[in-house]
Amino acid sequence: MKTNPFIVKSYETIIGEIDSFSPIRYGKTRNYKTGTVSYLSPYISRGVISLHAIAKRMLEKYSAKDAYPFIKELAWRDYFQKVWEAKGDEIFTDLKQIQSDVKHNSSISSIVHAQTGIVEIDASIRHFYETGYLHNHIRMYLAALVCNFGKAHWYNPSKWMYYHLLDGDPASNALSWQWVAGSFSSKKYYFNQDNINKYTGSNQKNSFLDKSYEELVDMEIPKSLVEKEDPVLHTNLPKSECNVEQKVEGKVFVYNSFNLDPEWHKNETGERILLLEPTHFEKHPISERVMQFIIDQSKFIPNIKICVCEFSELKKEWTNAKFIFKKHPTTKDYNGTEEIPLSLFPEVNGYFPSFSSYWKKAERELYKMGKQTSLFD
């Protein structure tokens with residue numbers, strides 16, 4: 001595993017990494033801790049590059065059949081965004097059905113402190129704190145430990161994970177936790193020690209997970225998962241670099257923590273601001289490491305200034321400004337020229353009740369994008 005795959009990168013560097021990435025190796029090994037993964041997620045979630053741009057570039061080099069596993073995983077993020085757009089804040093509640101067998105609403109102390117006794121899990125949590133990175137399979141393990149073995153409700157523990165993720169996306173995070181917990185899926189996700197050993201290359205025995213799946217489903221809460229904890233999650237916002245009282249006219253390009261695209265209107269004249277709204281970060285707190293990553297990544301946008309205030313404050317003071325922004329679930333209270341970014345499959349629109357119903361339509365668009373006679377030729 002790379003020490004820290006998430007560092008700030010130029011757009012050109014990201015394009016180079018896409019061009020050197022093998023979706024074939026990814027499809028064969030992605031579920032393994034040391035398997036091939038792209039490490040593109042922070043640049044996707046922060047809006048540095050779009051899913052559509054990645055898929056299009058991938059299909060210039062690989063057939064739809066070879067790119068299929070990777071693009072299907074990208075599609076999960078696109079699907080979660082569509083659910084967020086359709087359901088709004090409902091995604092932060094039990095969306096399809098109430099999570100069953102819940103004993104409390106807190107995080108679990110041994111997970112927060114990497115002391116579960118499951119060697120690979122604890123090592124991954126420590127690495128997470130050091131880098132902001134979690135392999136997707138480990139995320140599923142952690143959510144299952146909390147919700148299905150520790151019997152906690154998913155919401156507060158999901159905020160703990162989001163707080164530390166450099167690639168944190170509210171929809172992907174919340175809905176993935178709900179998928180594991182069974183409130184956005186037909187059943188809960190379980191795993192055992194053999195499964196961990198297989199996908200992490202470990203050989204631990206005699207843990208509380210060293211049982212059959214039948215035994216695990218009916219198991220009492222393990223002693224190491226009993227103690228509860230509510231971590232303090234607080235966002236330290238940087239100093240604002242813009243003067244709201246100063247009159248601004250002309251175009252104002254509004255970026256935020258989900259739009260850090262350096263290519264966006266890059267040759268046009270205008271003010272460029274990174275808007276960090278305190279109310280957003282009160283609702284979705286992030287760690288100092290994550291905030292610094294956002295600020296550092298924004299520096300690839302020439303002359304951008306940090307504005308720590310609500311959009312309504314800017315609108316009130318900069319009355320002669322023409323605000324331009326990309327549409328996103330976090331920009332619903334913005335006012336001005338709203339631009340619709342390309343989704344992964346621009347022809348696939350609206351709400352789908354399940355990923356399978358979404359993918360049924362998206363798969364046909366992948367076929368068209370790949371210009372293949374058949375996805376499976």
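Is Trp76 buried, exposed or partly exposed? I looked this up first in the model, which is predicted. I found Trp76 to be partly exposed, at a relative accessible area of 25%.

I then turned to the rings. I counted 34 aromatic pairs. One of them is formed by Trp76 and Phe355, and I noted it as stacked, with 3.9 Å centre to centre and 5 degrees between the planes. Trp76 belongs to helix α5 (residues 64–87) and Phe355 to helix α16 (residues 355–370), so this pair ties together parts that are 279 residues apart in sequence.

**Charges over rings**

I next looked for lysines placed over aromatic rings. I found the charged end of Lys87 over the ring of Tyr351, 4.7 Å from the ring's centre.

Finally I traced an open sheet of five strands, whose order is β5-β4-β3-β6-β7 and whose pairing is parallel. I noted β5 (305–308) and β7 (337–339) at the edges; each has a single partner strand, so one side of each lacks a neighbour in the sheet. On average, neighbouring strands of this sheet are turned by 30 degrees against each other, direction ignored. Between the parallel strands β3 (residues 250–255) and β6 (residues 321–326) I recorded five bridges. I looked up Lys251 and found its bridge partner in β6 to be Lys322.

Conventions:
Residues are numbered from 1 along each chain as its sequence is written. This is a predicted model: local features need pLDDT of at least 70, side-chain atom pairs count only at pLDDT 80 or more; totals for chains, interfaces and linings use all residues. Side-chain values use heavy atoms; hydrogens and water are left out. Two strands pair if DSSP finds at least two bridges between them. Helices (H or I, at least four residues) and strands (E, at least two) are DSSP runs, numbered from the N terminus. Axes are lines fitted to C-alpha atoms, for helices over the stretch in contact, and angles run from 0 to 180 degrees between N-to-C directions. Rings of Phe, Tyr and Trp (its six-membered ring) pair if their centres lie within 6.5 Å; planes under 30 degrees apart count as stacked, over 60 as edge-to-face and the rest as tilted. Buried means under 20% relative accessible area, exposed over 50%, partly exposed in between (1.4 Å probe, protein chains only). A charge sits over a ring if NZ of Lys or CZ of Arg is within 6 Å of the ring centre and within 35 degrees of the ring normal.
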